[in-house]
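Let's take a walk through this model, starting with the whole chain and then going sheet by sheet. Keep the structure open while you read.

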Amino acid sequence: MRVECKIDENYEEPYAVLYINKMTQAIAKLITLLEKEDTDLAALTATQKRKTYFLEPGEIELARTEGRDIVCYDKLGKKYILNKPLYELENILDNDFVRISKSAIVNVRHISHVEAGFNGTMELVMKNGVTDYISRSFRKAFKERLGLC
């Protein structure tokens, strides 16, 4: 891909134009990254045992509401408390994440498997062993996101 960058002090805000013949997953990720430049993707802060950690979005497997806290689990199953509400976190995270219920978001790249559950729900098991349920109201969007329907 040919890339051209023009630096001019007269521009108040960065502006990008892409000339493409078809949309690819890589270009879609690039667009998402460019659109979210101001949201500081790399600065997700979370606490664990009175220590503050900086988490990369790709390290997060699952984020959900547990009681009054928003917690996330990393690849090793470690639990962190986030300092952002779930809806704000959903806006910050990239296309690898999908909402599975009103109270949970998962990284689709870290799903181990999905099992049919009771009453139309589906149990989701992450690679780190953490489980959650895909509620009926989010099941269709989840399946579409993964290309299962």
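For the charge count, Lys and Arg are taken as positive and Asp and Glu as negative, while His and the chain ends are not counted. Each charge is placed at NZ of Lys, CZ of Arg, CG of Asp or CD of Glu. On that basis the protein chain carries 23 positive and 23 negative side chains, with the centres of the two sets 9 Å apart.

A word on where this comes from: the model is predicted, so local features need pLDDT of at least 70 and side-chain atom pairs count only at pLDDT 80 or more, whereas totals for chains, interfaces and linings use all residues. Residues are numbered from 1 along each chain as its sequence is written, and side-chain values use heavy atoms, with hydrogens and water left out.

Now the overall picture. The protein chain has three helices and ten strands; these are DSSP runs, with H or I over at least four residues for helices and E over at least two for strands, numbered from the N terminus. Read from the N terminus, the order is α-β-β-β-β-β-α-β-β-β-β-β-α. The C-alpha trace spans about 55 × 45 × 25 Å along its principal axes. Of the 149 residues, 32% are buried (buried is under 20% relative accessible area, exposed is over 50%, and partly exposed is in between, with a 1.4 Å probe and protein chains only).

Start with the seven-stranded sheet. It is open, its pairing is antiparallel, and its order is β2-β1-β5-β4-β3-β7-β6. (Two strands pair if DSSP finds at least two bridges between them.) The edges belong to β2 (51-55) and β6 (97-101), and each has a single partner strand, so one side of each is left without a neighbour in the sheet. From one strand to the next, the twist averages 35° (axes are lines fitted to C-alpha atoms, for helices over the stretch in contact, and angles run from 0 to 180 degrees between N-to-C directions).

Strand β1 (residues 44-48) runs antiparallel to β2, and five bridges join them. Among the bridge partners, threonine 47 goes with threonine 52 in β2, and leucine 44 with leucine 55 in β2. Two residues sit between the strands of this hairpin, where lysine 49 has a positive phi near 50°.

Moving along, proline 85 sits in the loop between β5 (79-82) and α2 (86-92). Proline 85 counts as partly exposed because its relative accessibility is 30%.

Four bridges link β9 (residues 122-126) to β10, and one of the residues involved, glutamate 123, has tyrosine 133 in β10 as its bridge partner.
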